[in-house]
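Please keep the structure open while reading them.

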Amino acid sequence: MSADEKVAKDLVETLKDGRNGFTSAAEKLRDSDSPEAASTLERLAEQRAAFARDIVSMGHDYGDDVDESGSVAATLHRGWLSLKDALTGDDASGVLGAAVTGEDHAVSEYEKALAEDDLSDGFRTVVQQQHAAIVAARDEVKALQRTA
C-alpha cells in the first residue's frame with residue numbers, strides 16, 4: 001500500500017466522522033437558542049463531505065480504493081466520539097465544545113498526514129489545502145463556542 005493510499009484512507013475516515021459529528025451537532029442546535037451555529041455546522045458538514053469526495057476521487061484516479069471503512073479499533077479512538085455525550089444535553093456550549101474536540105482531532109490527523117515523507121506532490125498539495133480549511137473551521141467553531 002502506498003503512503004498516499006494509507007493516508008487517504010485515514011483522512012477519509014476522519015472526514016466522515018467530522019461530517020457525521022457536524023450533522024448531529026447541527027440537528028441538536030437547530031431548535032436551540034443557537035440556530036446560526038446550526039447553519040455553520042451544516043456548512044462544515046458539507047465541507048467535510050466534499051473533502052472526502054475529493055480524496056476518494058483522487059485515489060480512484062490512481063487505482064486506489066480509499067473509501068473503505070476503518071477498523072473497529074480506529075473507530076474507538078476518533079475525536080468525534082466525545083460529541084455523543086454532549087448531544088444528550090441541551091447546552092449549546094457543550095455541543096460546540098465537543099465539536100472543537102473533534103476538530104482538534106481532525107487537525108491532528110492532517111498534521112500527522114503532512115509529516116509523512118512519502119506523499120506524492122499532488123496529494124500533499126490537497127492535504128495542505130484541506131488542513132488549512134480545517135484549522136480555519138476549528139477556529140470558527142471555537143468562536144461560536146465563546147459566544148454560546
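1. Helix 6 covers residues 121-147, which is 27 residues. In this predicted model, the helix spans 40 Å between its first and last C-alpha, close to the 39 Å expected at 1.5 Å a residue.

2. Which residues of helix 6 are buried? They are Phe123, Arg124, Val126, Val127, Gln130, His131, Ile134, Ala137, Arg138, Val141 and Leu144. When reading that list, recall that an α-helix has 3.6 residues a turn, so residues three or four places apart point the same way. The partners of these buried residues are helix 1 (3-30), helix 2 (35-61) and helix 5 (92-114).

3. Take Arg138, a residue of helix 6. Is Arg138 buried or exposed? Its relative accessible area is 17%, and the cut-off for buried is under 20%, so Arg138 counts as buried. Apart from neighbours within four places in sequence, Arg138 touches Glu103, Asp104 and Val107.

4. Next, the pairing of helix 2 with helix 6. Their axes are 11 Å apart and the packing angle is about 170 degrees. Angles over 145 degrees count as roughly antiparallel, and the two helices are therefore roughly antiparallel to each other. On the helix 2 side, the contact includes Ala37, Leu41, Leu44, Phe51, Ile55 and Met58. On the helix 6 side, it includes Phe123, Val126, Ile134, Ala137, Val141 and Leu144. By class, the residues of this contact are 13 nonpolar, 4 polar and 4 charged.

5. Helix 1 and helix 5 form another pair. Their axes come within 10 Å and cross at roughly 170 degrees, so these helices too are roughly antiparallel to each other. Helix 1 contributes Val7, Leu11, Thr14, Leu15, Phe22, Ala25, Lys28 and Leu29. Helix 5 contributes residues including Ala92, Val95, Leu96, Ala99, Glu103, His105 and Tyr110. The contact of helix 1 with helix 5 divides into 13 nonpolar, 2 polar and 3 charged residues.

6. Last, confidence. The chain has a mean pLDDT of 84, with 82% of its residues at 70 or more. Which element has the lowest mean pLDDT, and which the highest? Helix 3 (residues 72-76) has the lowest, at 42, and helix 6 the highest, at 96. Residues 70-77 have pLDDT below 50, and beyond near neighbours in sequence this stretch has 5 contacts in the model.

Notes
Residues are numbered from 1 along each chain as its sequence is written. This is a predicted model: local features need pLDDT of at least 70, side-chain atom pairs count only at pLDDT 80 or more; totals for chains, interfaces and linings use all residues. Side-chain values use heavy atoms; hydrogens and water are left out. Helices (H or I, at least four residues) and strands (E, at least two) are DSSP runs, numbered from the N terminus. The expected span of a helix is 1.5 Å times one less than its number of residues. Buried means under 20% relative accessible area, exposed over 50%, partly exposed in between (1.4 Å probe, protein chains only). Contact means heavy atoms within 4.5 Å. Axes are lines fitted to C-alpha atoms, for helices over the stretch in contact, and angles run from 0 to 180 degrees between N-to-C directions. Angles under 35 degrees count as roughly parallel, over 145 as roughly antiparallel, 65 to 115 as roughly perpendicular and the rest as oblique. Ala, Val, Leu, Ile, Met, Phe, Trp, Tyr, Cys and Pro count as nonpolar, Asp, Glu, Lys and Arg as charged, and the others, Gly among them, as polar. pLDDT is the predictor's confidence in each residue, from 0 to 100.
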